[in-house]
Amino acid sequence: MAELDHWHPVLLSHELRRKPRSVRLAGREIVVFRTSSGGLGAFTDRCPHRSMRLSEGWVEGDRLVCAYHGWRWAADGRGDIPATPAARPCARRDDVFDAVERYGAIWVKRAGAQATFPRFDAEGYVPAGVLRHRAAVPFELALDNFIEVEHTPFVHFMLGYSLDQMPQVEAQVTLSDDAVQVVNTGPKRPIPRIVEKMFRIPHDAKFVVEWTARFSPVHAIYDHSFINPRTREVVTYPLRSAVFFNPVGPESSEIYTFLFASLGRWSEFGLGSLIWPPLRVAMDLELRLDMRLLSRLADKRGILKGNVLGRFDKALVASRDRIDRIYRGQAAEATPEAGDGHEATRAARRLPLAAS
Ligand code: FES
Ligand SMILES: [Fe+2]
């Protein structure tokens, strides 16, 4: 499988109205449109006839009409030609995409590709909004940033841990064939007493940040909880996020963050609608800080080779292997030998020693 064979979110639902929209994914321009009956269609944004941008056209009934000679294309890639009514042109299979609308976004994958739609909701949680951010780096570097907590004291005011307690944070990595799971546990950051009271978080609680990264497409699902160190009671933070990392161009990516809220007792009091908007704004701000940071990287090639890694970077190396194998459908790189320059991989393997 290659990148375009996986389901990716490419537009927020409200961005697609009557006018077809062009999006960029993995270097490909794709036009997405709504048919008059509410269906969705997507093609490579180039008319099969003579290469007009289909996003310059318009929708008539269930067809996307090309602005150049008026050829009309149905979502399955079959067309008709006003000037030659008996003709039945057909788009190349590679240029036709399946499109669906879920969780407030429009998703596409290449037609006929076998990828299943990613599962990222959870029982008891309801969708609470989608955020999108653009990063001026390849998606691998954005993912790197999202799967380690070492940067959080320097970049974030709410996420992660504070610097003085960072040495006490444990990062436990569990690898499986298709996933990388990390559980970080450490003293929680100072938070206002009123928030502790609201969410019944003990003042001396341990904070657990847990995520699982999967690779069809590349995304990570985050859950947070607090543990009472005396009773071991767990308070689940009522926000879950699922973050999708889209390749756009060689030095650009898009990050879609789907938020889910577990309203619990807050909905009983009718307070859910008051709490989530500010949380969403805070999350948006936190992610913008990551984007700003990423734009300042000196090396934007998206590779780990040559980096000297630390104990929080083990998941990065494991993710690269799965990106190659699952997301790009390429054989994973052979285990590097000494002297071949793969310092990053070797450093990650040494992590248990390096961390001690
Ligand atoms: S280029 Fe689209 S109809 Fe001719
Ligand atoms: Fe971050």
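Modeller: What follows begins with the cavities and pockets, goes on to a lining helix and a residue beside it, and ends with some strands and single residues elsewhere.

This is a predicted model, in which local features need pLDDT of at least 70 and side-chain atom pairs count only at pLDDT 80 or more, whereas totals for chains, interfaces and linings use all residues. Residues are numbered from 1 along each chain as its sequence is written, chains are lettered from A and ligands numbered from 1 in the order in which they are written, and side-chain values use heavy atoms, with hydrogens and water left out.

Rolling a probe the size of a water molecule over the atoms shows where empty space is left. On a 1 Å grid over the protein atoms alone, a cavity is a set of points where a 1.4 Å probe fits but cannot get out, while a pocket is an open set with protein on both sides within 12 Å along at least five of seven lines, and lining residues have an atom within 4 Å of a point. Grid points are joined across faces, edges and corners, and a volume is the space filled by probe spheres set on the points.

The largest share, 3 residues, comes from α5. If Ala, Val, Leu, Ile, Met, Phe, Trp, Tyr, Cys and Pro count as nonpolar, Asp, Glu, Lys and Arg as charged, and the others, Gly among them, as polar, then the lining of the largest cavity has 9 nonpolar, 8 polar and 2 charged residues.

The second largest pocket holds about 510 Å³ of space. Its lining has 22 residues, with Met158, Ile191, Val195, Tyr237 and Leu279 nearest the centre, and two or more residues are given by each of α3 (193-199), β15 and α5. Here α5 again makes the largest contribution, with 5 residues. By class, this pocket lining divides into 18 nonpolar, 2 polar and 2 charged residues.

Returning to α1, 8 of its 8 residues are buried, where buried means under 20% relative accessible area, exposed over 50%, and partly exposed in between (1.4 Å probe, protein chains only). Among these buried residues are Phe139, Ala142 and Phe146. Ser253, in strand β18 (residues 252-261), is buried too, because its relative accessible area is 2%. Contact means heavy atoms within 4.5 Å, and beyond its neighbours within four places in sequence, Ser253 has contacts that include Phe139, Ala142, Asn246 and Val248. The C-alpha atoms of Ser253 and Phe139 are 5.1 Å apart, although 114 residues separate the two in sequence. The side chain of Ser253 also reaches the backbone oxygen of Val137 at 2.8 Å; a polar contact is a pair of N or O atoms within 3.5 Å, and within protein one must be able to donate a hydrogen and the other to accept it, with residues adjacent in sequence counting only if both atoms are side-chain atoms.

Elsewhere, two strands pair if DSSP finds at least two bridges between them, and β12 (residues 170-175) pairs with β13 (residues 179-187) in the antiparallel sense over 6 bridges. A hairpin of 3 residues joins β12 to β13, and Leu175 stands opposite Val180. An open sheet of 4 strands has the order β5-β6-β7-β8, with antiparallel pairing, and its edge strands are β5 (58-60) and β8 (79-80). Met52 lies in the loop between β4 (40-44) and β5, and is partly exposed because its relative accessibility is 26%.
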